[in-house]
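Dear colleague,

Please find the structure below.

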2 protein chains.
Amino acid sequence: MPYYAEPIARLLEELERLPGIGPKSAQRVAFHILKGDDETAHRLADAIVEVKRQIHFCKVCFNFAADELCEYCADHERDRTGICVVEEPRDVVAIERTGEFRGLYHVLQGAISPIDGIGPEQLRVRELILRLEDGTVTEVVVATNPNVEGETTALYLARLIKPLGVRVTRIASGLPVGGDLEYADEVTLGRALEARREM
Amino acid sequence: MPYYAEPIARLLEELERLPGIGPKSAQRVAFHILKGDDETAHRLADAIVEVKRQIHFCKVCFNFAADELCEYCADHERDRTGICVVEEPRDVVAIERTGEFRGLYHVLQGAISPIDGIGPEQLRVRELILRLEDGTVTEVVVATNPNVEGETTALYLARLIKPLGVRVTRIASGLPVGGDLEYADEVTLGRALEARREM
């Protein structure tokens, strides 16, 4: 005999497809939904359906957007001379939270990874180059992840964009603020030394 | 400016209400839904709506049930002389997985906790006593949690049921199988000593 009635088993199956949700968390979430009121459950279901209906990719930067343009591309207060290139929409949120960047974004929707069959053609690279054509942009900040795929992508973009006369910069690697030298891996520590600055 | 478009913010808010889902996991799940296909998202939303529509409490044992009776109460192969009393429907699943119990269940829907204003009247205690009236049941196994509330509930039930001539047993406390004496807390170790058995 199965442990769960069919509708519960079906919900568990769908929940377990979500990232970071294993069988235990799925059970916890399902039983929470079952114990809660109908209205809360319907609000969740509705939010899922609506997010898929209303959110698309921004036609300029490929961030998530509720309209044709995302909130950054549509905002005329933003500095249009700088573009920060990231891998995923979540990285846009991470950069925004710092409050250190006032320009526009470009979401590649991934990083170069030959092993996964992802080359520049599978990413939004062509669209980025097109955005540089009218000469408004003077700096491209490459904020891909500091791992093999992200670094490869950064090098590729630098080689592609520099000849267009646009400055290409890379976010710094180094020790996390509040971190501890003792626990830093040697590659990060090496990068931190290499990028040392005059005090 | 908010970091997320309104439909995304709304989905994040609903996801964060779920147990064990913080802002980071909510973002991960939301972006997974956004990147996935429409069909998968609709299957999840639909599973949530359907589980609320189809699942109710079993009218005998108060476990979750797709019909009037839960699968255990409806199953005539189960031993009807024993009832295992648990706090929540998830505990039924935990007991079932052991394969050690072939009787019926009774879900109290909580445990006695004066601090939270939960007394026997807030639990399905009256309904349990009613099930014992016809004399079929000869043993009640109390499998409430081995914490203060669960133990209090167990003691209360024992005092209530024993006078009816029904045997009341309690699941054993002791060291977890595969556990390590060194890491056991002293209360658990004390219980394990107290409940030692002849070899």
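Two strands are taken to pair if DSSP finds at least two bridges between them. Strands (E, at least two residues) and helices (H or I, at least four) are DSSP runs, numbered from the N terminus. The model is predicted: local features need pLDDT of at least 70, side-chain atom pairs count only at pLDDT 80 or more, and totals for chains, interfaces and linings use all residues. Residues are numbered from 1 along each chain as its sequence is written, and chains are lettered from A in the order in which they are written.

In chain A, strand S3 (residues 82–86) pairs with S4(A) in the parallel sense over four bridges. Within S4(A), Leu104(A) is the bridge partner of Ile83(A). These strands belong to an open, parallel sheet of four, ordered S4-S3-S5-S6 (chain A). Its edges are S4 (104–107) and S6 (167–170) of chain A, each of which pairs on one side only. From one strand to the next, the twist averages 25°, where axes are lines fitted to C-alpha atoms (for helices over the stretch in contact) and angles run from 0 to 180 degrees between N-to-C directions.

Helix H4 (residues 89–98) of chain A packs on the sheet and touches S3 and S4 of chain A (contact: heavy atoms within 4.5 Å), its direction making about 155° with that of S4(A). Helix H5 (residues 125–132) of chain A lies across S3, S4 and strand S5 (139–142) of chain A, at about 155° to S4(A).

In chain B, four strands likewise form an open parallel sheet in the order S4-S3-S5-S6.

Yours sincerely

Terms used:
Heavy atoms only, no water.
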